[in-house]
Amino acid sequence: LATPAAAQPQGWYASRLVSNIGTYMQDPEVAVGASGQAVAIWTDFDGSYDSIAAVYFDPVAGWGAPQYIETLQAGNAYAPHVALASDGTATAVWYQDDFSRASVWSNRYTPGFGWGQAELVEHNSTVGAYLGRVAVDARGNAVATWMQTDGSNTTVWAERAAPGQTWGAPHLLAQGVTLAVNPVVASNGAGEHVVAWSQRDAGA
């Protein structure tokens with residue numbers, strides 16, 4: 001269910017069902033843009049796997065139709081997260097297990113065009129990547145962060161994508177530690193991004 005609040009002091013509108021395409025849903029997330037756009041995203045069982053579904057809200061047209069934004073059909077997808085740029089462009093990330101390893105994926109929504117094709121954020125085929133998070137600054141630059149493990153060490157990484165561009169080279173953020181987990185990211189209007197995480201120092 002989704003319930004937008006009015007900008008005026010009338011309070012909450014009536015709730016509306018927006019997640020009606022799968023058998024069950026879980027892990028909902030939502031982001032709201034500067035001009036009143038919104039995106040709700042969740043994990044949705046499509047009959048075969050846990051997939052990622054989303055629905056876009058336009059302040060004039062209202063809620064659109066929910067749809068799956070990943071169609072890999074090669075394992076379950078988990079932990080979606082979404083951010084909105086000031087122009088209404090949405091960037092979503094999640095991680096997906098293909099039965100050999102977990103990877104972080106993303107998809108973008110462009111107003112007037114809809115969702116694109118899902119793409120990998122990180123391309124390391126020898127380790128597992130989990131718990132992707134994303135933030136978008138006022139200029140439309142997106143930064144994704146995630147934790148990555150090789151079975152011995154767990155580290156935090158981040159990657160940037162300019163508007164309309166693919167993801168750049170990944171950067172290792174948590175260096176010199178054996179355990180860094182649960183990264184989060186936020187952006188400001190000046191184009192700066194901050195990533196925070198929990199870590200255990202060597203020898204602790």
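Biologist: Which residue in β13 does Thr 145 stand opposite?

Modeller: Thr 145 stands opposite Ala 158 in β13. A word on the source: this is a predicted model, where local features need pLDDT of at least 70, side-chain atom pairs count only at pLDDT 80 or more, and totals for chains, interfaces and linings use all residues. Residues are numbered from 1 along each chain as its sequence is written, and side-chain values use heavy atoms, leaving out hydrogens and water.

Biologist: How many bridges join β12 to β13?

Modeller: Strands are DSSP runs of E, at least two residues, numbered from the N terminus, and two of them pair if DSSP finds at least two bridges between them. Here 8 bridges join β12 to β13 (residues 154-161), running antiparallel. On β11 (residues 128-136), β12 pairs antiparallel over 7 bridges, and Val 136 has Ala 142 as its bridge partner.

Biologist: Why is β12 largely enclosed?

Modeller: Buried means under 20% relative accessible area with a 1.4 Å probe, protein chains only. In β12 (residues 142-149), 7 of the 8 residues are buried, so the rest of the structure largely encloses this strand.

Biologist: Where is Glu 70 placed, and what does its side chain reach?

Modeller: Glu 70 lies in the loop between β5 (67-68) and β6 (77-84). A polar contact is a pair of N or O atoms within 3.5 Å, one able to donate a hydrogen and the other to accept it within protein; residues adjacent in sequence count only if both atoms are side-chain atoms. The Glu 70 side chain reaches the backbone nitrogen of Ile 52 at 3.1 Å, and a 3.2 Å polar contact joins it to the side chain of Gln 96.

Terms used: Buried means under 20% relative accessible area, exposed over 50%, partly exposed in between (1.4 Å probe, protein chains only). Helices (H or I, at least four residues) and strands (E, at least two) are DSSP runs, numbered from the N terminus.
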